[in-house]
Amino acid sequence: MPSLGADMESGTIVEWHVKPGDTVQRGDIIALVATEKSDIEVEVFDNGAVREILVPVGQEVAVGTVLARLGDSAEPSVGPSSPPDSSPPVVPPSTPAPVIPAPRPQPTERRVISPLIRHRAEELGVDIDHVVGSGQGGAVHRSDVESAAATGKLASGFVRASPRARRRASELGIDLAGLVGSGPDDSITEADVERTVPSEVAQPTVEPLAKPDIRGDGNQKAAMRRAIASLMERANREIPHYYLNTTIDLQPALDWLAATNIERPVAERIIPTAMLLKATARAAREVPDLNGFWVEDHVEQSGSVHLGVAISLRGGGLIAPAILDADKCTLVELMVRLRDLVSRARSGVLRASEMSAPTITVSNLGDQGAEAVYGVIYPPQVALIGFGKIVERPWAHEGMLGVRPVVTATVAGDHRASDGHVGGLFLAAVDRLLQRPEEL
């Protein structure tokens, strides 16, 4: 079960698009998963053939649970076929028995285990020293750790708990071993930890998340609001925000856009939002300190710019899927992707890669009339960019005072990962790019 956002602890299988024996290619959609916010199409990340489906439709499982197993397409699938003949081969009497030399002892190799893999093993309660690595030289991969967790090979004394529950228990000095979990497989959730705090010292708590309703009835909206509330509470508690803003003259950009759109069919015209998104993506590539994630105690910059776009949903709620590699798209490509993303987000069908990939998020509330947006960072990202309504203001340009269209751009930055100097460079880059729209 992939992690489709920092607020996701579990998901429910709604539908399988494959069965044992099917051949799949990297990027194929193999399943539909229900979360508190939306139904997500899960993609496969390897080529091969489906050997076994481990989680049936309708079952809710925790993030990290193995959903299915893949193998080489030449291997037989797990199914009702008769077991292979295990009897030894018959050797003709006239043929001498083959001599099999004993294998030479191999030199002991140091197993490769990255810090991230060790951290994942700690999260899942797996004894890393007893995991058999599938990589070259016995290197342990993430899939090896998750497979060990799925088969119950947990470290002695391990207590199942979500990462958020572990973090909160550590803050409050609570021993997880004494708690009863209400999550999947009796795992301990953050709400379970909060309930153990005496009322006189307890912080405001969030009700336990409702289990995803795969039929989509009225409980979906309430579950989404609880998921958003829980995530924003965490973001405000853990992330030291700083805020910057600047006002950008959009006259050159809008003039260029009007001239360009005249040559396009109405259905293919570019809207100002696409220009703001493209300028943000290009700026994120130029100022990489704001494009990445806060992991443990350090920032990890991303080599790609996957631009999260905050989209309001019909009936309420908010979701922020990504336009992948937005900095490399042309304006026309970005406009097409934006329309597609908004349409699928509002119809409740997104892909796992779009939900788990954002490296920086943009919130544009101009259509709702807000002139400035001061957002809350979506962890583990380290920045959120806001754009308000395009308005006409008195503006001095080349020594002349006139009325020009302007927009307020803001940065909410994580002070652990960057500072006001970096945020200022980012806003300056967005401004500069919008003054030369033909280069976007």
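## Strand pairing and sheet

In this predicted model, strand 1, which covers residues 10-16, pairs with strand 6 in the antiparallel sense, and three bridges link the two. Within this part of the structure, Ser10 has Ala62 of strand 6 as its bridge partner.

Both strands belong to an open sheet of five strands with mixed pairing, arranged in the order 6-1-3-4-15. Strand 6 (60-62) and strand 15 (349-351) form the edges, each pairing on one side only. On average, neighbouring strands of this sheet are turned by 40° against each other, direction ignored.

Ile270 lies in the loop between helix 6 (251-261) and helix 7 (272-286). Its relative accessibility is 4%, under the 20% cut-off, and therefore Ile270 counts as buried.

Apart from neighbours within four places in sequence, Ile270 is in contact with Leu257, Asn261, Arg264, Leu331, Val332 and Met335. The C-alpha atoms of Ile270 and Glu333 are 10.0 Å apart in space, while 63 residues separate the two in sequence.

## Nonpolar cores

The largest nonpolar core comprises 70 residues, and Phe426 and Leu434 have the most contacts inside it. Helix 7 supplies the largest share of this core, with eight residues. A second, separate core of seven residues has Ala161, Ala165, Leu176 and Val193 among its members.

Which residues are in contact with Phe426, leaving aside its neighbours within four places in sequence? They are Thr280, Ala283, Ala284, Val287, Leu290, Ile360, Ile385 and Val411.

Methods:
Residues numbered from 1 in each chain as written. Predicted model: local features only at pLDDT ≥ 70, side-chain atom pairs only at ≥ 80, totals over all residues. Heavy atoms only, no water. Pairing = 2+ DSSP bridges. Helix = DSSP H or I, 4+ residues; strand = E, 2+ residues; numbered from the N terminus. Axes fitted to C-alpha atoms, helices over the stretch in contact; angles between N-to-C directions. Buried < 20%, exposed > 50% of the residue type's maximum accessible area, 1.4 Å probe, protein only. Contact = heavy atoms within 4.5 Å. Core = buried A, V, L, I, M, F, W, Y, C linked by side-chain atoms within 4.5 Å.
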